[in-house]
Amino acid sequence: MGGTESSISDPGSPSSSKESETNRQNLSECKVWRNPLNLFRGAEYRRYTWVTGKEPLTYYDMNLSAQDHQTFFTCDTDFLRPSDTVMQKAWRERNPPARIKAAYQALELNNDCATAYVLLAEEEATTIVDAERLFKQALKAGETIYRRSQQCQHQSPQHEAQLRRDTNVLVYIKRRLAMCARKLGRIREAVKIMRDLMKEFPPLTMLNIHENLLESLLELQAYADVQAVLAKYDDISLPKSAAICYTAALLKTRTVSDKFSPETASRRGLSTAEINAVEAIHRAVEFNPHVPKYLLEMKSLILPPEHILKRGDSEAIAYAFFHLQHWKRIEGALNLLQCTWEGTFRMIPYPLEKGHLFYPYPSCTETADRELLPTFHHVSVYPKKELPFFIHFTAGLCSSTAMIALLTHQFPEIMGVFAKAVNLVSKQHFLQCIIPKYSKLKEMKTDSKERRQAKRLLIPGTELY
């Protein structure tokens, strides 16, 4: 999943088995997810390329999207409808103009081809308004096809597969229409579409529509509704995300942030509400430690990729890109985050292979993030826990003592000569520095302040003292 090629070795060798086991572990740890808030290629990503001349999406990211499209929008019965056969080839095309051309060919064969409208809305439309117009045409065609598939679903396994595909298409269209409404300022309409989707298709929780709903509710400042959604999805049995963890932290921070002061808190201690807020921030930071730098604007944001790696830099970018405004809206929230987020790393056991509230941070995230994020972005790396100075000093002292003992044992004569030379140099330094000070001391007739100060410069325990 990291996009790197493993070295070729003998399948029967021990190294090959170890490598395959490591790769399987990395695949399970570094599962790449579809970004719930991914942007539109034509209306947003392409406009960025026009302005900056930079490509915001990597080939690896777009290749994953092509695989998603083939999984969601195709099935084994595509040969029954010529337009679907054309679209099956279109999703495999790497060249965007070729995909757009194939979509128009599918519409010529069937004017009600919903997936063709989806492709045009995603890649040809240059504004959100144009994308919404095409998605509305896709919705009209998709609902007609979905009703037909429902009537024939029990006739054969092929018809059941076709219904699953048509269901995926319909859900995708409604979700993107909700995102268009959100971007165009019709937030309540977007919330209604998302809630209806979650009620009508509850098994499709893997699409993480609740994250779209959380962001829209935060824009409406409907914090009670946000808490209700979190109560349902921030469950121990469900997978976590930065959106869930940091939104929970934001809600608890909101109750205390406007009156929080580091000086006052250090003087009187933290209240119960402040402790809960700090613990929520620590929980969120442990899940994804890269988010605070983007929220505090210590690192510059870029356009989020179409896929994210949970607990990785790509997820942090996707979260901060949409939620930074919600943190800024609440007075003092970023101040509380700035004062407390680094304390998380003192709570995590050392070494970093261990975890505190979550499983240990996966070691493969950096590699996968470098494949998902463009080359002009400096990938954020998991903070290394630094050892205290005392440990470094003790280790250096013990190492130097052991080295001297080893050299003395191996070369006693040479080390003896070296010790005598060091002793001679120290005596010369003593005579040059201490004797003149003692002579000046004897010239003083009274026990003045200068005499007492000079005494303190001498070494206690010597005969000159």
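Me: Which hand, left-handed or right-handed, has the crossing in which α7 passes α8?

Reply: α7 passes α8 in a left-handed crossing, a term used when the near helix is turned anticlockwise from the far one by less than a right angle, with clockwise giving right-handed. This is a predicted model, in which local features need pLDDT of at least 70, side-chain atom pairs count only at pLDDT 80 or more, and totals for chains, interfaces and linings use all residues. Residues are numbered from 1 along each chain as its sequence is written, and side-chain values use heavy atoms, with hydrogens and water left out.

Me: What makes α7 roughly parallel or roughly antiparallel to α8?

Reply: Helix α7 (residues 128-152) and α8 pack at an angle of about 155 degrees, with their axes 8 Å apart; axes are lines fitted to C-alpha atoms, for helices over the stretch in contact, and angles run from 0 to 180 degrees between N-to-C directions. Therefore α7 counts as roughly antiparallel to α8, since that label takes angles over 145 degrees, while angles under 35 are roughly parallel, 65 to 115 roughly perpendicular and the rest oblique. The contact of α7 with α8 comprises 14 nonpolar, 6 polar and 7 charged residues, where Ala, Val, Leu, Ile, Met, Phe, Trp, Tyr, Cys and Pro count as nonpolar, Asp, Glu, Lys and Arg as charged, and the others, Gly among them, as polar.

Me: How do you know whether D166 is buried or exposed?

Reply: D166, a residue of helix α8, has a relative accessibility of 6% and therefore counts as buried, a word kept for values under 20% relative accessible area, with exposed over 50% and partly exposed in between (1.4 Å probe, protein chains only). Apart from neighbours within four places in sequence, D166 is in contact (heavy atoms within 4.5 Å) with R81, I145, Y146 and S149.

Me: What makes N288 count as buried or exposed?

Reply: N288 sits in the loop between α14 and α15, and because its relative accessibility is 0%, N288 counts as buried. Setting aside neighbours within four places in sequence, N288 is in contact with A242, Y246, R311, G312, E315 and A316. N288 and Y361 are 73 residues apart in sequence, yet their C-alpha atoms are 8.8 Å apart in space.

Me: And how do you know whether S257 is buried or exposed?

Reply: S257 belongs to the loop between α12 (242-254) and α13 (262-268), and at 3% relative accessibility S257 counts as buried. Not counting residues up to four places away in sequence, S257 touches I330, E331, G332 and A333.

Me: What makes the span of helix α3 agree or disagree with its 15 residues?

Reply: At 1.5 Å a residue, helix α3 (residues 59-73) should span 21 Å, and the end C-alpha atoms are 21 Å apart, so the two values agree; the expected span is 1.5 Å times one less than the number of residues. Buried residues of α3 include Y60, L64, H69 and F73, and the buried residues of this helix pack against β1 (32-34), α2 (41-52), α6, α8 (157-183), β2 and α19 (365-372).

Me: What makes Q221 buried, partly exposed or exposed?

Reply: Q221, in the loop between α10 (209-219) and α11 (223-233), has a relative accessible area of 44% and is therefore partly exposed. Q221 likewise has a positive phi of about 60 degrees without being a glycine. Most residues other than glycine have a negative phi.

Me: How many helices and strands does the secondary structure of the protein come to?

Reply: The protein has 22 helices and 2 strands, where helices (H or I, at least four residues) and strands (E, at least two) are DSSP runs, numbered from the N terminus. Of its 465 residues, 45% count as buried.
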